[in-house]
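Q: Can you walk me through this model? I'd like to talk about the sheet first, then the charged pairs.

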Amino acid sequence: MAQQERVLIPAGSFHSILPEVKGEPISVDSFYIDKTAVTNEDFLQFLQENDSWQKDEIPSIFAAQNYLNHWEEASTPGLEAIGENRPVTHVSWFAANAYCSDKGGRLPSLNEWEYSAQLMDFDSMQEMNRFSTELIGWYSSVDAKNTKAVGSTGIQNRHGVQDQFGLIMEWVEDYKPIIADELSLDCGTVGRLQQLGNTYSYAASIRYITRMSFNPKTTTGMVGFRCAYNIEDQESAKNSEL
C-alpha cells in the first residue's frame, strides 16, 4: 500500500477560540500532515503488522468496548458493507497514537490541526458566509453511519490538506487542554468561546468542546484521525533514502 501523501504546512500563526493574549495570535512551527484522514484499509495494514492492536487483542485499558465496532470481523473491515477509502473511526486516542508512531509521526497538536484548518481562501464574503452556514449544519447532524470517502468533501486548505471539515472529527495530541474542566457543551459556554467572530468560530466551539468530552479510550463513529510529522524527521528520512 502506498505511503499516505504528506503536505508541508509552513510556519505561521492563527487566532484560537481559547483564551489568548489579545492581539497576539498563536504561533505554529512548520510541520507535515497527512493530506487525508487514515482509512480503514490503512488501519488494516497497521493491524496486520501490529496484532496487539487488533480488536480481539487490544487491552481494555487502551480502548472502549466498541473499538472498531463497525468492522465486519476483528481482522477485516468488510469493505463491501462500509465502502472503500472511508476514514477509519471507532479508534481510541491510544490506537491513533500507536498508528502514527508506527508511521514515523505523531498526532497533530491541537494548534497545528486548527491552524491548518483555518488556512482556507475564499473569493468573497458571500462564499465565506455560505461555507460557515454549511459547516454549522454539518456539525449539527454528523452522519456517523454513512461516512463518505476521504477526499470527497471538496474542502481543502490552500496547501492541499483535505476534509478537515465535513467528513469526520479527528483526534489531536492534546485534545483536552487545561481549561477543559471549566467547559461544557451549553449555549453559554459556546457563546463565550466565539471570540473570533468569523466563519470558524461557532463550528470550532462545538469541535473543541466535543473533543474535550472524550477520554483516551473513547471510540465513536464520528472520530478518526490523521498523522503529523516533524520537519527534521521527514528530512532525515529523505536523506536516508538517497
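What follows is a short chat about the sheet and the salt bridges.

Q: What kind of model is this?
A: It is a predicted model.

Q: OK, the sheet with E4 in it. What's the strand order?
A: The order is E1-E4-E7, in an open sheet of three strands with antiparallel pairing. The edge strands are E1 (6-9) and E7 (228-229), and each of these pairs on one side only.

Q: And how many bridges between E1 and E4?
A: Four bridges, in the antiparallel sense. Across that pairing, Arg6 stands opposite Asp34 in E4.

Q: How many bridges for E4 and E7?
A: Two bridges, and the pairing of E4 (residues 31-34) with E7 is antiparallel. There, Tyr32 stands opposite Tyr229 in E7.

Q: Which helix packs on the sheet?
A: Helix H4, residues 110-117. H4 touches E1, E4 and E7, and its direction makes about 75° with that of E4.

Q: Are the faces of E4 covered or open?
A: Both faces of E4 are covered. Phe31 and Ile33 lie on one side, Tyr32 and Asp34 on the other, and all of these are buried. As a general point, side chains in a regular strand alternate between the two faces of the sheet.

Q: Changing topic: how many salt bridges does a search of the whole structure find?
A: Seven. In general, side chains of opposite charge can pair when their charged atoms come close.

Q: Start with Glu170. Where is it found?
A: Glu170 is in strand E5, residues 169-170.

Q: Is Glu170 buried or exposed, and why?
A: Glu170 counts as buried because its relative accessible area is 2%, and the cut-off for buried is under 20%.

Q: Which side chain meets Glu170 in a salt bridge?
A: That of Arg226, at 2.8 Å from N to O. The pair links distant parts of the chain, 56 residues apart: Glu170 is in E5, while Arg226 sits in the loop between strand E6 (223-224) and E7.

Q: And Arg226, buried or exposed?
A: Arg226 is buried, since its relative accessible area is 0%.

Q: Leaving aside neighbours within four places in sequence, which residues is Glu170 in contact with?
A: Ala37, Trp113, Asp163, Gln164, Arg211, Val223, Gly224, Phe225 and Arg226.

Q: What about Glu112, which side chain does it meet in a salt bridge?
A: Arg106, at 2.8 Å from N to O. Glu112 and Arg106 are both buried.

Q: And Lys103, which partner does it have in a salt bridge?
A: Asp102, with 3.8 Å from N to O between the side chains.

Q: How accessible are Lys103 and Asp102?
A: Lys103 is partly exposed because its relative accessible area is 24%. Asp102 is also partly exposed, given its relative accessibility of 37%. The partly exposed class lies between the cut-offs of under 20% for buried and over 50% for exposed.

Conventions:
Residues numbered from 1 in each chain as written. Predicted model: local features only at pLDDT ≥ 70, side-chain atom pairs only at ≥ 80, totals over all residues. Heavy atoms only, no water. Pairing = 2+ DSSP bridges. Contact = heavy atoms within 4.5 Å. Axes fitted to C-alpha atoms, helices over the stretch in contact; angles between N-to-C directions. Buried < 20%, exposed > 50% of the residue type's maximum accessible area, 1.4 Å probe, protein only. Salt bridge = Lys/Arg side-chain N within 4 Å of Asp/Glu carboxyl O.
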